[in-house]
Amino acid sequence: MDLIKKISLFVKDNVDHVQDKYLTIYEDVSKINKDIGMLFANIHDIINFYANDFNARIGSHFNAGDSRDYLKVIRILSSFDAMVKDSEFEFCLDENYKDVLKNAEPHLKMNGGSDLPVDLPRFIIKEYDPILFLKSDNKFRKHNQKSFELILIGGGSYANVYKYKDEDYNQYFAYKKLKKNSSEKEIIRFRQEYNIMKKCENPYLLKVYKYFDEENSYNMEFCNYTLASYIKENNTKISKETRLSILSQFLSGIEYIHSVNLSHRDLSYNNILIKLDQFQNPFVKISDFGLVKDDTQKLTSPDSSIKGTFIDPCLQSFKDYNFKNEIYAIAFIIIFILYGRQNPKKDDCVYPVIEKCLSSNLDDRYDSLQDLKSDLNKYLASF
Ligand SMILES: Nc1ncnc2c1ncn2[C@@H]1O[C@H](COP(=O)(O)OP(=O)(O)O)[C@@H](O)[C@H]1O
Ligand SMILES: [Mg+2]
């Protein structure tokens with residue numbers, strides 16, 4: 001029997017009703033094979049149905065009925081895995097889910113229920129992103145040579161970001177890939193994001209390396225953290241000197257961006273990345289130029305709807321975005337770098353600068369980044 005037929009029978013035997021929400025997550029997979037899309041959606045649906053309950057019961061008793069359902073999912077996963085092994089339908093499971101299921105399995109009992117030890121890993125529940133991936137979809141072949149296994153590390157509605165290890169360099173690289181059913185307009189925008197980053201030459205802007213036409217993807221330097229995750233993880237440990245160094249790198253990066261007549265338009269804690277050197281010192285890498293506006297060219301789409309994370313209330317149309325609007329987002333980032341919190345306080349030593357950046361009268365805001373920097377330096381003397 002050929003594999004497609006076997007898969008179809010397997011799905012008939014094992015899949016019952018699946019919620020639409022989960023089918024939507026696996027639309028891309030369904031386009032390759034409808035049955036596999038259904039199976040992935042069903043497995044995701046069942047696991048998630050019990051996952052919150054499972055997290056809550058760690059350290060206490062887990063019912064036999066629930067255990068049986070988990071064991072059934074584990075059995076389906078492993079027999080499907082055996083069936084498609086070494087075929088184009090080989091798949092993998094989200095690292096966290098894999099870890100939780102593997103660690104829980106010895107404690108799941110068909111009868112009588114069981115106690116779940118307190119030190120079991122918990123589900124980081126995904127409700128809108130896939131937890132099952134076709135491996136063929138998860139590989140990237142560089143220059144027709146070897147292929148690399150991609151590990152998902154981030155992404156949003158239009159692209160996914162992965163990391164992979166290139167043994168030639170013995171280091172990780174990041175790889176951003178546009179989602180499959182992207183529109184022509186999104187492809188053009190994605191290329192522009194790459195082209196602009198490629199043209200920029202500044203140590204505080206993320207380096208991109210090569211665009212791959214067939215996949216609509218590009219590779220770039222890998223960063224250990226986003227500004228958000230770096231500060232969250234280290235907030236109590238970061239010295240004043242380190243905060244000032246991060247701030248000065250960030251502002252230098254922005255100064256460069258503005259000096260080449262660009263506005264980033266999407267500055268946020270997650271679009272500023274942090275790369276650690278061998279001594280664990282943080283280096284700022286400004287990234288995600290997906291909404292960049294190039295004042296030297298007519299790149300910006302006529303779409304005037306406002307996007308981004310920090311939305312300046314003074315901005316009427318996204319087309320009109322300029323330096324003064326960027327200053328608004330910069331203020332929040334300055335506060336976050338210096339104090340590790342989202343909002344300014346009146347007794348912050350830099351508050352007068354922040355107030356100017358956020359002023360509802362654009363004329364009161366700084367005229368250039370140099371002006372902002374020199375004013376900021378005065379107030380930072382008492383940081
Ligand atoms: N070079 C990189 N190194 C490490 N993580 C990255 C890298 N690029 C992106 N990421 C992660 O992926 C997330 C999404 O990437 P981003 O380029 O901002 O895409 P989007 O346009 O979907 O926001 C980032 O917030 C970050 O967590
Ligand atoms: Mg982003």
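Visitor: Which residues is I334 in contact with, leaving aside its neighbours within four places in sequence?
Guide: In this predicted model, the contacts of I334 beyond those neighbours are L247, V350 and I354.

Visitor: And which residues have the most contacts inside the largest nonpolar core?
Guide: I334 is one of them, together with F250, I330, A331, I333, I337 and C357. The core holds 56 residues.

Visitor: Which helix gives the largest share of this core?
Guide: Helix α10, residues 323-339, supplies twelve residues, the largest share.

Visitor: What about a second core; how many residues are in it?
Guide: A separate core of 29 residues is present, and A41, L93, A104 and L108 are among its members.

Visitor: Turning to the domains, what are the bounds of domain 1?
Guide: Domain 1 is assigned as two segments, 3-87 and 108-123. The centres of domain 1 and domain 3, taken over C-alpha atoms, are separated by 43 Å.

Visitor: Now G65: which helix is it found in?
Guide: G65 belongs to helix α5, which covers residues 64-84.

Visitor: Is G65 buried or exposed, and why?
Guide: G65 counts as exposed because it has 10 C-beta neighbours inside 10 Å, and the cut-off for an exposed residue is 12 or fewer.

Visitor: How many residues apart in sequence are G65 and G113?
Guide: They are 48 residues apart in sequence, while their C-alpha atoms are 7.6 Å apart in space.

Conventions
Residues numbered from 1 in each chain as written. Chains lettered and ligands numbered in written order. Predicted model: local features only at pLDDT ≥ 70, side-chain atom pairs only at ≥ 80, totals over all residues. Helix = DSSP H or I, 4+ residues; strand = E, 2+ residues; numbered from the N terminus. Buried ≥ 20, exposed ≤ 12 C-beta atoms within 10 Å, placed from the backbone. Domains from an automatic or database assignment. Core = buried A, V, L, I, M, F, W, Y, C linked by C-beta atoms within 7 Å. Contact = placed C-beta atoms within 7 Å.
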